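Here are my notes on the model you sent over.

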Amino acid sequence: MWTWFYKLASPPYVYGAAAALVPWFLGAAALTLGYGLIDGLAIAPPDYQQGDAFRMIYVHVPSAMLSLTVYTVMAAASAVALIWRIKVGHAVSAAAAPIGASFTILALVTGSLWGRPMWGTYWAWDPRLTSELILLFLYVGVMSLRSAFEDPARGDRAAALLATVGVVNVPIVHFSVVWWNSLHQGATIVKLGAPSMAGSMLWPLLSMWLGFMLFFAAVLCIRLQGEVLNRERQSKWVREAIES
Amino acid sequence: VNNGFWSMGGYASYVWPCFAFACLVLAWNLWAARRFRAAAGARAAPGATEAIDLRALEAPPSCPGARPKPSCITH
């Protein structure tokens, strides 16, 4: 029953699986992002309050959701690496960090662009915006800590500890609009009850979200291959894989 | 496609930069990840030697250890 779990701890298996999955993830991401873009930009009706400015939701919400998802993946991989001493966990964590940081920046920038016409300002020290900014600092901290040690194993452990502890910020970001007074609107999709959006606007959003997730999976697999190669380059199987 | 599409109801200066930046981030992610994998592959290739190993080889014999301090390197 646990065979699949043990296989995930094997660098050669992970390297091969990642290489095989990349084209599938990229192809599926291209399809879903293409549909989401066409439907979201050209077919979905304008919002009755925000007009066409609401279309920024098709980039902002998927990137914000992905910033939280990637951090959760990174923290889970770090916890697995710390608890079971599985080296591939550190590789997944290291591969996920720059992707998560870039999508957090995307969420902050697109939110800022959306905030200007709706709130009259690019930035406010609002609980949602501030906690998302802290998430970016956590990503940067994890990446910096990993490279701050001369001994890579110590860097991995320190970064994994910070990533695991920092996961406490994920629910804070999500529930910040519930716990505190906020300029930011409440949850639209991930909440108890049905999504508060018309189907014609919701489908392209779900498609864009799925596209972003698939794109993340593809890029994670590519980076993971690089991380495994870096960490296992003295191994015989790496030399054989490079030569073949 | 009419002008209404490109003007985005007067919000074009916000909507299009938003999508353009998203495209930039997606493209950067793919490019950087492929570059990272290629660099790792080059380092793992037979015959590849790391810079730090070369410096260690050139260090004077008085420097103890396999990885000398920078002050021990004479070049």
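1. A quick definition before we start: a polar contact here is a pair of N or O atoms within 3.5 Å, where, within protein, one must be able to donate a hydrogen and the other to accept it. Bear in mind too that this is a predicted model.

2. With that in hand, look at A:Arg146, which sits in helix 5 (residues 127–148) of chain A. Its side chain and that of A:Asp156 are joined by a polar contact of 2.8 Å. The A:Arg146 side chain also makes a polar contact, at 3.0 Å, with the side chain of A:Ser93.

3. Is A:Arg146 buried or exposed? It counts as buried, because its relative accessibility is 15% and the cut-off for buried is under 20%. Leaving aside neighbours within four places in sequence, A:Arg146 is in contact with residues including A:His90, A:Ala94, A:Gly155, A:Ala159 and A:Arg231.

4. Now the interface. Chain A puts 40 residues into the contact and chain B puts in 30 residues. Between them the two chains bury about 3200 Å², with 75% of that on carbon and sulfur atoms.

5. What about polar links across it? There are 0 salt bridges between chain A and chain B, while 4 residue pairs are in polar contact across the interface (both at pLDDT 80 or more).

6. On the chain A side, helix 2 (11–43), helix 3 (57–84), helix 4 (87–119), helix 8 (199–231) and helix 9 (236–243) each supply at least two residues. Helix 4 of chain A gives the largest share, 12 residues. By class, that side of chain A has 25 nonpolar, 6 polar and 9 charged residues.

Technical notes: Residues numbered from 1 in each chain as written. Chains lettered and ligands numbered in written order. Predicted model: local features only at pLDDT ≥ 70, side-chain atom pairs only at ≥ 80, totals over all residues. Heavy atoms only, no water. Contact = heavy atoms within 4.5 Å. Buried area = accessible area lost by both parts, 1.4 Å probe. Salt bridge = Lys/Arg side-chain N within 4 Å of Asp/Glu carboxyl O. Helix = DSSP H or I, 4+ residues; strand = E, 2+ residues; numbered from the N terminus. Nonpolar A, V, L, I, M, F, W, Y, C, P; charged D, E, K, R; others polar. Buried < 20%, exposed > 50% of the residue type's maximum accessible area, 1.4 Å probe, protein only.
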